[in-house]
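Subject: Structure for your review

Dear colleague,

Please find below the structure that I am handing over to you. My findings follow after it, and I would be grateful if you read them with the model open.

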Amino acid sequence: MAFTAYHNIVGSAGVTQELIKSGDNTRGIKSILLTNIHDSATATVSLFLQDDPPSGTATSVFTLTHYIPIPPNTSLLLDDAPLLSFNGFIYGLYIKCGGSDSVDVLINR
């Protein structure tokens, strides 16, 4: 699987988007920069880890941020490497934004 460092997210209420697929190389993530690129509206962002269990098995979800408001034209930097260290063979990284939110995501390794 190929790691993708840059994502343009246009939110839609209730839609979850995959940033890093389980099985991708997640070693060495140093930071994640979330930037609200909207000029006047606050973005609401949740980041979480989720596994991809076999059929019939419950999914495990671990929340990193939960509905964090990011003001217009503002960035949120997550730069705690131990927090961002997770087993990429088991878990993927996902984002969920509020409706009509526009957020750029930059993942630094």
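To begin with a charge placed over a ring: Arg 109 lies over the face of Phe 3, at 4.0 Å from the centre of that ring. Please bear in mind here and throughout that this is a predicted model.

Aromatic pairs

A pair of aromatic rings is described by the distance of the centres and the angle of the planes. The structure holds two such pairs. In one of them, the ring centres of Phe 48 and Tyr 94 are 5.7 Å apart and the planes stand at 15°, so this pair is stacked. Phe 48 belongs to strand S4 (residues 43-51) and Tyr 94 to strand S7 (residues 91-97), so the pair ties together parts that are 46 residues apart in sequence. Both Phe 48 and Tyr 94 are buried.

Phe 62 and Tyr 91 also form an aromatic pair, and theirs is edge-to-face, with 5.6 Å from centre to centre and 85° between the planes. Since Phe 62 lies in strand S5 (residues 61-70) and Tyr 91 in strand S7, this pair ties together parts that are 29 residues apart in sequence. Phe 62 has a relative accessibility of 42% and therefore counts as partly exposed.

Asp 51 is located in strand S4. This residue is buried yet has no salt bridge. Lys 21 carries the nearest side chain of opposite charge, and it is 12 Å away. What, then, lies 2.8 Å from a polar atom of the side chain of Asp 51? It is the backbone nitrogen of Ser 60. Leaving aside residues up to four places away in sequence, Asp 51 touches Thr 59, Ser 60, Ile 90 and Tyr 91. Tyr 91 is also the partner of Phe 62 in the edge-to-face pair.

Ser 46 is likewise found in strand S4. With a relative accessibility of 5%, Ser 46 counts as buried. Its side chain reaches the backbone nitrogen of Tyr 67 at 2.8 Å. Apart from residues up to four places away in sequence, Ser 46 touches Thr 65, His 66, Tyr 67, Tyr 94, Ile 95 and Lys 96. Among these contacts is Tyr 94, the ring partner of Phe 48 in the stacked pair.

Residues in the loops

Most residues other than glycine have a negative phi. Asn 73 is not a glycine, yet it has a positive phi of about 55°. This residue sits in the loop between S5 and strand S6 (74-78). Ser 100, although not a glycine, has a positive phi of about 65°. Ser 100 is placed in the loop between S7 and strand S8 (102-108). Its relative accessibility is 59%, so Ser 100 counts as exposed.

A further loop residue is Ser 85, which lies between S6 and S7. Ser 85 is exposed, with a relative accessible area of 56%. How far apart in space are Ser 85 and Thr 26, C-alpha to C-alpha? The distance is 7.5 Å, although 59 residues separate Ser 85 from Thr 26 in sequence.

With kind regards

Definitions and conventions
Residues are numbered from 1 along each chain as its sequence is written. This is a predicted model: local features need pLDDT of at least 70, side-chain atom pairs count only at pLDDT 80 or more; totals for chains, interfaces and linings use all residues. Side-chain values use heavy atoms; hydrogens and water are left out. Rings of Phe, Tyr and Trp (its six-membered ring) pair if their centres lie within 6.5 Å; planes under 30 degrees apart count as stacked, over 60 as edge-to-face and the rest as tilted. Helices (H or I, at least four residues) and strands (E, at least two) are DSSP runs, numbered from the N terminus. Buried means under 20% relative accessible area, exposed over 50%, partly exposed in between (1.4 Å probe, protein chains only). A charge sits over a ring if NZ of Lys or CZ of Arg is within 6 Å of the ring centre and within 35 degrees of the ring normal. Lys and Arg count as positive and Asp and Glu as negative; His and the chain ends are not counted. A salt bridge is a side-chain nitrogen of Lys or Arg within 4 Å of a carboxyl oxygen of Asp or Glu. A polar contact is a pair of N or O atoms within 3.5 Å; within protein, one must be able to donate a hydrogen and the other to accept it, and residues adjacent in sequence count only if both atoms are side-chain atoms. Contact means heavy atoms within 4.5 Å.
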